Amino acid sequence: MYPENYRYTKEHEWVLADGDAGTIGITDHAQQELGDIVYVDLPKVGTHVESGKTFGSVESVKAVSDIYSPVSGEIVEINESLADAPEKLNTDPHGDAWLVKIKLTRPEEIQNLMSASDYQSYIGAEK
Amino acid sequence: MSDQGMNESRMVHGDKITKVTTHLSQNEALLFERSSPGKKAYQLPELDVPAVDAAEALGAENVRAEITDFPEVSEVEAIRHFTRLSTWNYAIDYGMYPLGSCTMKYNPRINEVVARTEGLAWAHPYQPESLSQGCLEVMEHLENALAEICGMDAVTLQPAAGAHGELTGILLIRALLEKRGNPRKKILIPDSAHGTNPATAAIAGYAVENIKSSETGGVDLAALEQLVTSDVAALMVTNPNTLGVFENNIVRVAEILHKKGAMLYMDGANMNALVGIARPGDFGVDVMHLNLHKTFSTPHGGGGPGAGPVAVKKVLEPFLPTPRLRRSGKKLTFDYKRKHSIGRVKSYYGNFGVLVRALAYILAHGGPGLKNATMDAVLNAVYIRKALEPYFDLPYKSPNMHEVVFSDDRQSKLGVRTGDIAKRLIDYGFHPYTVSFPMIVHGALMIEPTETEGRLEIDSFINAMIAIAGECETDPQMVKNAPYNTRTSRVDEVTAARKPVLRWKP
């Protein structure tokens, strides 16, 4: 369910990093909690984001939730396909429905994030 | 019974009743679709002056050609259209409206009688002050009453509703801090807050920092102590909070803020739990707003606009919006010349008709009456909590005040979520409670009965909730497809949000 090579935040985002190239998304647990997602608000390419700060939001029929960046860096690409098909976040949050690609300015920040097994016990405890 | 005497949508076949068509009242076309050229719902007297060509008199560029296809119907068609639509509505005049955090209390008819008093209803905002003394006195009286109820020093009646009051309040804080030399950067907001609080802070130019609630649902003092730095302008707190739990540490919270030169803002959305019992000004609040359409029984939407007066301590008074009421002897005037004022936040003097209704409510109750209303509101909520606790999970066990928040934990294990239970409640004739808020409760059912309800109505609500809890066990799929007894069955909220159709086309 939760890919081993991803790193996870307490706010339910994931990041996949290779050197300074990263991909960010929200977790399957997040999409389950939000319910049917109807809109995704993403930053512009070139935006600088700080780890732990919000860079966008996800709106479901229940609520609007901020997206917190797991790492610091510059947004280099956003997933344009989510504008027309936000429902992909409900069906494939760890794959096709990634949110943004980022150039990490401090790749070592990855070390502060949770592993797949840590994250699973974290959401188990939260419930 | 003769055939004519029956509901025309039904026919009797032996002992079986079947629908033959949809009754008119259940299937109302848009007014645009009823239009027929030349029909009118008005009659004008014959023209007794020479006709004027509008394009010639006003300039051709001011004659709009693009407004076409306005509905043309007769008077009786217009009346029937809106009367039928009104029967689709749920209203506080129809039954219990337990929408948590909204304080859907009954709007007493005396308010309407008073608001229709000729001298008040027909007053014009440009009338000279000397001819508006009655209206000004109504406002002065209400300002004083609200200041007394809140334990504050001054009140502005201008803001049009709660969120507008919040913004006004935070702008007052910003103005004071600016005058002291540094507006600061951040506003702290608990994670149980109404969504309007962070929106207000952002619009007023502040960054928002969240504080997690403690296990009992209150502000975590240790976390607060750490977060309050010289960058923090204020904490926005709702008390009692959105769990209906009174913030027991509120005096301590105020001290922590004041020690660092920060202010305490209180969202007065839940004042219905405090009026006549406790005064925010006495427990350290510097500025707060009230929702007259919640606590003070003026209509919510539809029936009239809201009002969100802001009450402040003396230190913030110089910054209040202009004009301010000023009394010299027997005469009341408007004071526009206040150099520290943040300026107007609304045209004229607030939603005056609403202010009249709120004052009527306050005076009809009197001090002891207001206190009684508060105690009844809390009693009703506690009564519901005790009756429903065996059937629904209660995540925060602290004593609740005017509202109670359950979670759908037990029911969701059977596949039924809070939204499904709410839809099923419609079948039992009640307006749903507040669904999925506050966010700190998983699958929240937020119930606020207000003092309006007597025991009979509350008991039938409780019985409905217990019956639904039973249905969740025996037939969860049935509950998930509710409602059934309504004009429209379950609507597709997801498609409506993903692919909204915002404009009617013929």
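I take two strands as paired if DSSP finds at least two bridges between them. Helices (H or I, at least four residues) and strands (E, at least two) are DSSP runs, numbered from the N terminus.

**Entry 1: ground rules.** I am reading a predicted model, where local features need pLDDT of at least 70, side-chain atom pairs count only at pLDDT 80 or more, and totals for chains, interfaces and linings use all residues. Residues are numbered from 1 along each chain as its sequence is written, while chains are lettered from A and ligands numbered from 1 in the order in which they are written.

**Entry 2: one sheet of chain A.** I looked at E6(A), residues 54-60, and found 5 bridges to E7(A), running antiparallel. Within this pair, A:Val58 faces A:Ser65 of E7(A). I then traced the open sheet of 3 strands, with the order E4-E6-E7 in chain A and antiparallel pairing. Strand E4 (37-41) and strand E7 (64-68) of chain A are the edges, each pairing on one side only. I noted that strands pair through backbone hydrogen bonds, either parallel or antiparallel.

Entry 3: Strands E2 (residues 13-18) and E3 (residues 21-26) of chain A run antiparallel and share 6 bridges. A:Glu13 has A:Ile26 in E3(A) as its bridge partner. I counted 2 residues between E2(A) and E3(A) in this hairpin, and A:Gly19 in the turn has a positive phi of about 65 degrees. E3(A) also pairs with strand E9 (residues 100-104) of chain A, antiparallel, over 4 bridges. There A:Gly22 is bridged to A:Ile102 of E9(A).

**Entry 4: chain A as a whole.** I found 4 helices and 9 strands in chain A. Their order along the sequence is β-β-β-α-β-β-β-β-β-α-α-β-α. The radius of gyration (taken over C-alpha atoms) is 13 Å, close to the 14 Å from the globule rule (2.2 Å times the number of residues to the power 0.38) for 127 residues, so chain A is as compact as a globular protein of that length. Its C-alpha trace spans about 35 × 35 × 20 Å along the principal axes.

**Entry 5: where chain A meets chain B.** Two residues are in contact if their C-beta atoms, placed from the backbone, lie within 7 Å. How many residues does each chain bring to the contact? Chain A brings 7 and chain B brings 6.

**Entry 6: chain B.** I looked up its domains, whose bounds come from an automatic or database domain assignment. The assignment lists domain 1 (1-44 + 64-88), domain 2 (110-364) and domain 3 (373-496). The C-alpha centres of domain 1 and domain 2 of chain B are 45 Å apart.
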